[in-house]
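Please look over the sequence and the model shown here before reading the report below.

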Amino acid sequence: MPNAELLTPGGIQELTAALQRATPSSRLLAGGTDLIRSMHQDHWEPDLLIDLSGVRELDYVTLEDGMLGVGSMTTFAELEADPLVRRHARCLAEAAAQVGSAQIRNVATVGGNIANASPCADTVTALVALGADVRTIDGGGAIATRPLTEITVGSGRTSLAPDEAITEVSFAALGADHRTTFAKIGSRSTVTVARLSMALVVKLDVAAGTVSGVRVALGAVGEAAFRDARLEELLEGRPANAESARLFAEGCTDAVQRAIPGRYSLPYKQHAVVGLAYDAWNALGLCERCEPAWG
Amino acid sequence: MRLLLNVNGMEHELDVRPTARLIDVLRLQLGLTGVKEGCSEGECGACTVIVDDKAVDSCLVLAVQARGKKVLTVEGLADDDGLDLLQRMFIEHGAVQCGFCTPGMLMSAKALLMADPHPTEEAIRLALAGNLCRCTGYTTIVAAVRSASEQPAESSSTPPALDGAGRDV
Amino acid sequence: MTQDLQYVGQTYPVHDAPQKVTGELVYGSDIELHGMLYAKLLLSPIAHGMVTSIDSRAAEALPGVVKVFSHLNSPADVYCRARLTPEQTLCPRDETLFSEHVRFVGDRVAAVVATSQAIAEAAVALIDVQFSELPALFTPEEAQRRDDLPIHPGGNVFFEYDEECGRPGESTDAVVVGSTTSTPRIHHAALEPHVCVAQPHSTGGLTIWSISQGVYGVRTVVADLLGLEYHHVRVIKAPMGGSFGGKTEFILEPVTAYMAQKTRRPIKLLLDREECMRATMVRPATVSTIRTTCSPEGQLENMEVASVLDAGAYASSTSDYAVHMCKKITKLYRFPYYHHRSQAVYTNTPVAGAMRGWGAPEIVAALEIHMDRVAGELGMDPVELRLLNLMHPFEVDPVTEMSLGDARVRECLERGAAAFDWSARRQRSPGSGRYRRGVGVACGAHKNGMFGKFAEASNMTLKMNEDGTFELGASLHEVGCGIVTVMKVIIAEVLGVSPDLIAAGEADTSSTPFDYGTFGSRVTYVVGACAKATAEKLKEEIIAAAADLLHEPRERLTVEGGEVHVRDDGRRGVAFKDIARLSHMRHSPAITAAVTYYATSNPASYSVQFAEVEVDCATGLTAVTDFLAVGDVGQAINRGMVHAQFQGAVQMGIGYALYEHVDVDEFGRSGVDGFKNYHIVNAPDMPDIKVLLIEHSGDDGPFGAKSVGEIATVPTAPAVINAVNHALGTSLSDLPATPEKILAALNPGEVEA
């Protein structure tokens, strides 16, 4: 098996030079937790391996003009702990905190997670709810920005070109009048791939007791995380009360049915999503803790 | 390719393949077989080492990613004065049975205590969530970590003894 | 019986804990020998078929590849991987080193031996194997029906066993209850993968480093298969990272030894986790149907059981397992009539074999779930029903016709129920909200060794060194549960010296006296008793030497605190180390004792376990929120380890109840290939397990000790299932109770399990 050629660019300039040489068999090494496992278990090597760890400019969290920018090499551990992310995009911090184990979170990156395009990627769900854009750079030095939902096109597939590297995800920072959370259901409580995940963003009008600007992203149902417009419309302008929670949960069941009709896991997921919906709703603290009604 | 690695306080100049995993370089080239391979996919944590104060699964990290960083394995915990406090507490609390998970557990615990010297029990269990054990049921391991932390233990660090011999519960 | 004990009953770390916490201990998978080659297996991708061609030229041409093995260049002799002793029965010989007729996804087709693991792996990918597929059978039901598709010559139902005792009662007011419980295949999940290292010698012999539980058994199978004389095959027990029965059978040793012999080089065959899950062994999946009659007050009358075991593609130990499943129920409950039929069936699925509990977890799961059903039918509290029927101390097990010994299961149940606050918790309503709590109880029994089946015995030597330290010669097989320490503590107690003065190593067929190995819950009870007897005999030798030195008759001498002194005359005595030193040239060059100890009984060990669970009815996820394990263990030798063994055993049982299963798809491929999709309970999900020990020392194990390691996991899963059923008002009996199954039970017709 021919050895991969390793390139370790020391900055953005060197990165574009490296990207210029990339072929469809080349790979970018971010954290490596997905790539290295795949290489070892499936016995393959890329022709070119571009190690991003030397590109220090890609590891940051900034807040500028109301936009939160997260460098693609930011690890989940960093996301979880970052005060800006906690204040202005809490669902992302919560999602990052629930990825794998501490060992994984210390190494895996948000950029790598997007590029890996697992339908179950927790932070992708949160980023979709946050309406994130992804900035990339290519071998020609061209910088492009497009919505995250245009990058993660399917299970394991992205629209990234072979010479395109993610440099940043960005989204509008949520203000103090917003509430947001991330929730997931796995096969157990920790260190589990999501079977269902949800990120919820609402703006709370405290005086009127209503929610608006509702954004709901669902993950691990279907090929990639998505926002469900019908579900968002359902909650838009509604009062922050138990009845809304109930409607929301019902709406989630419909959304899951629409997303994965005929899938083997549908019967389970359409039921379990009710629990997820209530977990997310209750985490927002909009009203008294609600429970699904039982027959 | 040539790679300089700092492992357990010592510099090593190594010849490695670019895609060599850190676990293979540590075990096979440096003879540090205390780093165990249990699953090759970052789920069991037996291969946990500390890189720049952070616990990582060495089976999921390339050796080149540790360039310029400090790597600590279980072999580097003890020093000339003796065993690390964590190692002593593991022995004392019976947290070692077959011992295969032990190096990884120690490294995860060490990284935790370096970042959080007063962890709660929940924090300890979460820090060890990526370290699987099939022998102990984790109780003695958690007790050992708690003893090693600076926080006074909330409950007795000996096995929860509802001992039947002559004593009523 | 209270005993005045100095060392027994205290808490000790395992003997090699310092080496384990420093990473110094060399496990089987760490062994590196000069000139060693590395082997990688090529496993069948299909469930059933014939290998029609193997083209390994490309593999052989790869630099670093030494040889490619397959059925084309290996003996076709059949053997049984579970055959420990030459005359062992219930060992169908149906496996070959490499299969031409592949019978499951994971069957050994070929192997590459190369100068590095990476080269061996790359070479395997270059081997072109062609198969002609045969129809495959994936369930025992299918296999039983399709006699026209025998997986092995002789038919798919390859073993049947029938146990019957007593006479059926015919009460007219008997309450009849039926149940069917299915238990899954599970993976042992020892943290160290399977490995074997074999080194040939130019004299024609072999040395094998085996992480198995019985080195003499390895020798039997390997030597017979390769036509070697036993004294030329040396098998060394290498330190292992857990086994739980998964390394009892000789899966890698025959093929590794063969390849080493043929290449004339040392070879290491190390499996990765996926290979361990697919191609070593699993706990057999079982289905047990139980039908009982009892009086309206709850007195059991007739118990009829039918068990079907899925042996997978090769028989291994499943015949023996099928027998033993029939011998557990009558250790627990007394009733006039028992009839248990069991069948072992071949399927084209992963090979089943020994796992901790040897049939007890499987049948006790069915039994204890059934008992809760009976309780429900009668409107009785589950504890009350069991108390009415449990065995009493010193009753005779009608199946084995042996005394159960000082059987304290009733006390376990009573004291456990009190400690767990059972009545109050059981009567508390689980509620009808999203989160519902329930409690469950289950009783389990297990044996202590194999007395009654064959001459259960062990052999040991113990000598005193010239400086007063001691060396034990015994074929010990440490699997991680601290048996080496147990032997040292027993010997320490007899001799009255610290266990630190006693050295004990592990088994080596060239130098340690014969012992069967670590399994069958025989180690504390039989091997430990042998250690005690050997120490007692050595004590006599020490006294004899001291008598010579002190010029006193033996009767006037007593042993205490590491010395022998004249009774009632403390001034006249001699320390052990002086005895050894002075006797060395005078009395005898070695103060030593050799003992063959024969077991004369086989009592039962018991555990009663109580679980509290909280089920999320929205997601089906279950949390175990509280747990109490009560153990009738006779006498804890290493107290802390006994507690820890229960805690670990409960981890395994919770997994069995809620998470773990190895299923195959329509092509016979296992759905699990790693810990990512095979979840064993991790630290955050593990409750604090409380342990209560009942210690009456009423049997003839060392200081009254009984087995712990297996009994500890026997009743765990049904305790959890019974708790879930209490919480939800369901009758789940299909393990594991996954979220899908729970939601299906709560929403019948809407959710498929």
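Predicted model: local features only at pLDDT ≥ 70, side-chain atom pairs only at ≥ 80, totals over all residues.

Residues are numbered from 1 along each chain as its sequence is written, and chains are lettered from A, with ligands numbered from 1, in the order in which they are written.

Chain A contains eleven helices and 14 strands, where helices (H or I, at least four residues) and strands (E, at least two) are DSSP runs numbered from the N terminus. Its C-alpha trace spans about 65 × 45 × 30 Å along the principal axes of chain A. Of the 295 residues of chain A, 53% count as buried, a residue being buried if 20 or more other C-beta atoms, placed from the backbone, lie within 10 Å of its own.

In the pair formed by chains B and C, 48 residues of chain B are in contact with 55 residues of chain C, contact being defined as C-beta atoms, placed from the backbone, that lie within 7 Å.

Chain C has domain 1 (17-23 + 451-598), domain 2 (31-134 + 194-270) and domain 3 (364-446 + 603-746), with bounds that come from an automatic or database domain assignment. The centres of domain 1 and domain 2 of chain C, taken over C-alpha atoms, are separated by 38 Å, and their contact takes 14 residues from domain 1 and 16 residues from domain 2.

How values were computed. Buried ≥ 20, exposed ≤ 12 C-beta atoms within 10 Å, placed from the backbone. Contact = placed C-beta atoms within 7 Å.
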